[in-house]
Amino acid sequence: MAEVAPAPPPVAAPAKAAKKKASKPKKSGPSVGELIVKTVAASKERGGVSAAALKKALAAGGYDVDKNKARVRTAIKSLLTKGTLVHTKGTGASGSFKMSTQESSSQEACCCCCQEVS
């Protein structure tokens with residue numbers, strides 16, 4: 001029998017250089033959450049602003065709501081969990097919203113200790 005030479009180890013392919021992805025320029029301007037807060041704060045409605053009216057106002061301001069539906073929903077939900085917005089009707093990202101009154105009530109509670117005693 002003839003001896004068979006062992007097979008040479010397989011040659012590894014040279015590593016490809018990693019392609020650098022072109023970073024997209026960060027868009028300037030206010031975030032969706034800031035736009036929502038401005039819209040709700042500007043509203044004088046006693047019952048708050050509905051989600052549909054909020055989307056119409058964002059669209060009128062030049063924001064593409066149809067393309068960014070998910071961003072609008074997540075921004076509304078995050079503002080609700082932070083306590084910036086409060087539900088007046090509905091649940092989740094639907095219904096009506098108005099600004100929270102917690103910031104102003106904390107300032108009112110402070111007034112009694114700040115007054116000078118004569």
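Colleague: In which hand does H1 pass H3?
Modeller: This is a predicted model. In this model, H1 and H3 pack against each other with their axes 9 Å apart. The crossing in which H1 passes H3 is right-handed.

Colleague: Are H1 and H3 roughly parallel or roughly perpendicular to each other?
Modeller: The packing angle of H1 and H3 is about 65°. Angles of 65 to 115 degrees count as roughly perpendicular. H1 and H3 are therefore roughly perpendicular to each other.

Colleague: How many nonpolar residues does the contact of H1 with H3 have?
Modeller: From H1 come Val32, Gly33, Ile36 and Val37, and they meet Arg71, Val72, Ala75, Ile76 and Leu79 of H3. Gly counts as polar and Arg as charged. By class, the contact of H1 with H3 has one charged residue, one polar residue and, for the nonpolar class, seven.

Colleague: Are H1 and H2 roughly antiparallel or roughly perpendicular to each other?
Modeller: The axes of H1 and H2 come within 10 Å, and their crossing angle is roughly 110°. Only angles over 145 degrees count as roughly antiparallel, while 65 to 115 count as roughly perpendicular. H1 and H2 are therefore roughly perpendicular.

Colleague: Which residues of H2 make the contact with H1?
Modeller: The crossing of H1 and H2 is right-handed. On the H1 side, the contact is made by Leu35, Ile36, Thr39 and Val40. On the H2 side, the residues are Leu54, Ala57 and Leu58.

Colleague: Which helix gives the most to the lining of the largest pocket?
Modeller: The largest pocket has a volume of about 570 Å³. Helix H1 (32-42), helix H2 (51-60) and helix H3 (69-82) each supply at least two residues of its lining. With four residues, the helix that gives the most is H1.

Colleague: How many residues of the lining of the largest pocket are charged?
Modeller: The lining of the largest pocket has 19 residues, and those nearest the pocket centre are Lys27, Pro30, Val32, Tyr63 and Arg71. Lys and Arg count as charged. The lining divides into seven nonpolar residues, eight polar residues and, for the charged class, four.

Conventions. Residues are numbered from 1 along each chain as its sequence is written. This is a predicted model: local features need pLDDT of at least 70, side-chain atom pairs count only at pLDDT 80 or more; totals for chains, interfaces and linings use all residues. Side-chain values use heavy atoms; hydrogens and water are left out. On a 1 Å grid over the protein atoms alone, a cavity is a set of points where a 1.4 Å probe fits but cannot get out, and a pocket is an open set with protein on both sides within 12 Å along at least five of seven lines; lining residues have an atom within 4 Å of a point. Grid points are joined across faces, edges and corners, and a volume is the space filled by probe spheres set on the points. Axes are lines fitted to C-alpha atoms, for helices over the stretch in contact, and angles run from 0 to 180 degrees between N-to-C directions. Angles under 35 degrees count as roughly parallel, over 145 as roughly antiparallel, 65 to 115 as roughly perpendicular and the rest as oblique. A crossing is left-handed if the near helix is turned anticlockwise from the far one by less than a right angle, and right-handed if clockwise. Contact means heavy atoms within 4.5 Å.
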